[in-house]
Amino acid sequence: MIPLSVIGGFLGAGKTTFLNRLINQADAPRCAILVNDFGDIAVDERLVAQHGGDTITLKNGCVCCSLGNDLGRSLSRVLDGDNPPQRIIVEASGVSNPGRIMDIGRISPELQADGVIVIVDTAALQAQLADRWIAATVTAQLASADLLLLSKLDIAATRVRDEVVARLREKFSDTPVAQDSEHSWQLLAELAPTETGPAFFVEPHFGFTARSVVSERRLDLQRLRRWMQRRDDVYRIKGWARLANDDYGLLQVVGKNLAWETIPASDDDGMRLVVIGRGELPGSGAICDAVCVGD
Amino acid sequence: MLTATPLLVLVMTGEVKTYRALKIITMDGQNPGASHVAVRAGKILAVGGKALESKYGEADAVFAEHILVPGFVEAHAHASEGMIWKLPYVGFYDRMHPDGQVFRGCTTVDALVARLVELEQALATQHEALFAWGYDSIYFSDKPMRRDLDRVSTSRPVVLFHTSLHLITVNSVALELAGITRDNRVEGVYVDDAGEPNGELAEVAAMFPVLRVVGDPVFDVGYAAEDVRRFGRACHRAGITTASDLYSDLEPDVLDTFDAVTREPDFPARIVPALATTRFNLERLRGRLTEISGRGHDRLYLGSVKIVTDGAIAGFSARVRQPYLNGIENGVWYEAPQKIREMIRALHPTGVRLHIHVNGDEASELVLQIFEEVVAASGPRQRHVLEHAQMMDADQLARAKRLGLVVNFFANHTYYWGDQHRDATVGAEIAARMNPARTALDLGLDVALHSDAPVTPLGPLFCMWCAVNRHTATGRDLGPEQRISPDEALRAVTLAPAIGMGMDDRVGSISPGKYADFTLLDRDPLGVEPMRIRDIRVLGTMLGGAWQPAVSPSASR
């Protein structure tokens, strides 16, 4: 399964800036980026291997393609290519609900849903939420996010930023809010651990805490479920673990939903999890004690 | 007394041909009725009575028994009408193939299944998927589900495309191949009472796994020359000599295809594609307009732009000022309001003609507000068109009139979805006010009517019938206050759309100097009983002076 991430946000929020940074990062993993407006993509010419029609191929193996009118057809083209990407990133249009696009990743057997990032125009959000034409559209976008990313902090006053953060945390208390930064890839990786290992939080986050758990112990899914039910300050866990029966796999927990997928691994692969929540989370040793098979 | 000087004779090169008809309805207010028309070099030289014969010679009597009207102008259609017929039609209503074969409507689940079984047995290989189009679940109280389609085949995928193309209904094999189960589903995968997927899949995410496995037999392929020719034949059959194609990317290969086919000597219509803004920002839209400029010719008109603001009323996706009957609060924007504003603000002063899709009344409100700003800033210029405009009220229409906008109503909705609008989407009161052609005409607006083919069949006479009678498919009156006269309706499928498309200097009426584009009818649309307008037959069309008789429809099935 190829991980799929969706980058959403209202027109002008800064999606293209985010994507351009992603593309131009030379060490980017081999990915396919499907964008709405091909002409806005600015690739450093030194990175371009081939520029043709509605596709740019980069030397690092990434391709950037125009979405065209049909997301399904564009995705099929990417999946059927000679050299399928290690991950796919889709830019949602400025008025669409990125959650509905991510449904493709949720339902398709070939894809794995790997996070919706909604970029928030910090300076404009308050006006957008008061705008009769677009308030409902913007609200639906925010509600679909796994991570809200504040952009345009250079032009938003600190007071405005604080108000926006407070408002987002009030309305969408389960969604982490982060600041857009130069580290686009880390932000993505945080949503979705890849082969390079679970990434860790890019600071500053607003009021969210992360714990990384690295251990040789075996995970107990039953204990993990019970633990999640007790902890309303933990809303998300991602990473890899080994079970008592020696299965190795990919774990994703969002709220009460737990997904486990067994994947091939070498014997020395251990547990590498990132736990995301609010306030003072237990330390990694305590988490291990709570969710691992007892000695 | 003046006589023709030798100089004048020299200027009058080209053979003059005179035609007489039982009646010529010109749609030209200066000369509404005539019996003779003289044509030279593809254009109308003169319109009048028998006196034309003494001037230009004896009239050809090919039209002598029949009624000549201006070639119909289809104000809002899509050339994909020529593509979709690659699949068999299984819709609820009878529908004619561009080549004349009539497909009988499948009005019950059993009839639909029987038709599909017939099609299934005709498939060549054992496991290929069976596709069909034109189905619309809204017409069925006991709508067909996967179990019904399982009666068609339990070994191959069966995929029905809804008319809107936003929905498919599939059988169990298709669901299995796609991996869609009660535990693997998303919004848009509809389920039965037991929680099992019922086969109905809405929108791209739910449809993707199925189309991924079976392929998209229509749009994966793109336009072939034959598709454009098929669209031309469909137009010809409906008496249309000028047809819009109101949503086109005009990619270079598509433009090449349209260019080549419309230049073929017997291509029967002038095609007017509008460039869709969806995929472009302003700068690149302008770039594309520059790229295509100069590519047009007298059967291909380029340079207009289509902006889609909202969804569709029957899909609960139009932007409305009041919630839908089923509790859905509002529809969706297809473009951001600020992008719509930016496009209109930038393109209006440049003379580009805009066709703006506004189905719901909140969408028309937004666009009117934008035009009020834009016209205040840069004055009225070219006429733009509000497309569909289905829910506009008298206040909005009055503002549209002040702004010089043309309204293009989706007249056929009254028939095809009038009952559903009354009972399921917006309710009886609003349904009766939809597509308010009477109010718009009384306010002095130019009013056009359209089919939106392939959403409904091409057929200007049928559009006229809908606006004149306002009957739903079950025969109920829907908003009789909004009826218009046959004369007004004929103008709405000839001159008014020509005005909307900026082509009234060359088509839309039988007037000297315009193209000799005519449609020949077997009866007088202004004379027959209004309920018979839809039964009038198109006997052929003339495009630029070239007569092409209608090809007899082949047998029904």
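Predicted model: local features only at pLDDT ≥ 70, side-chain atom pairs only at ≥ 80, totals over all residues.
Residues are numbered from 1 along each chain as its sequence is written, and chains are lettered from A in the order in which they are written. Local features need pLDDT of at least 70 and side-chain atom pairs count only at pLDDT 80 or more, whereas totals for chains, interfaces and linings use all residues; side-chain values use heavy atoms, with hydrogens and water left out.

At the interface, 35 residues of chain B are in contact with 30 residues of chain A, contact being taken as heavy atoms within 4.5 Å. The two chains bury about 2,700 Å² between them, 53% of it on carbon and sulfur atoms, where buried area is the accessible area (1.4 Å probe) that two parts lose on being put together, summed over both. Of the area that chain B buries against chain A, 25% is supplied by Phe208(B), Arg212(B) and Arg279(B), more than by any other three residues.

Arg212(B) also meets Asp80(A), side chain to side chain, in a salt bridge with an N to O distance of 2.7 Å. Across the interface three salt bridges are found, each defined as a side-chain nitrogen of Lys or Arg within 4 Å of a carboxyl oxygen of Asp or Glu. Helices H7 (203-214), H11 (337-347) and H12 (361-378) of chain B each supply at least two residues of the side that touches chain A, and H7(B) gives the most, with six residues; helices (H or I, at least four residues) and strands (E, at least two) are DSSP runs numbered from the N terminus.

Chain B also holds an open sheet of five strands in the order S8-S9-S10-S12-S11, with mixed pairing, two strands being paired if DSSP finds at least two bridges between them. Its edge strands are S8 (130-135) and S11 (189-191), each of which pairs on one side only. Within this sheet, S9 (residues 158-162) and S10 (residues 167-170) run antiparallel and are joined by three bridges, and Phe161(B) has Ile168(B) in S10(B) as its bridge partner.

Elsewhere in chain B, strands S2 (residues 33-40) and S3 (residues 43-48) run antiparallel and are joined by five bridges, with Val39(B) standing opposite Ile44(B) in S3(B). S2(B) and S3(B) form a hairpin with two residues between them, and Ala41(B) in the turn has a positive phi of about 50 degrees.
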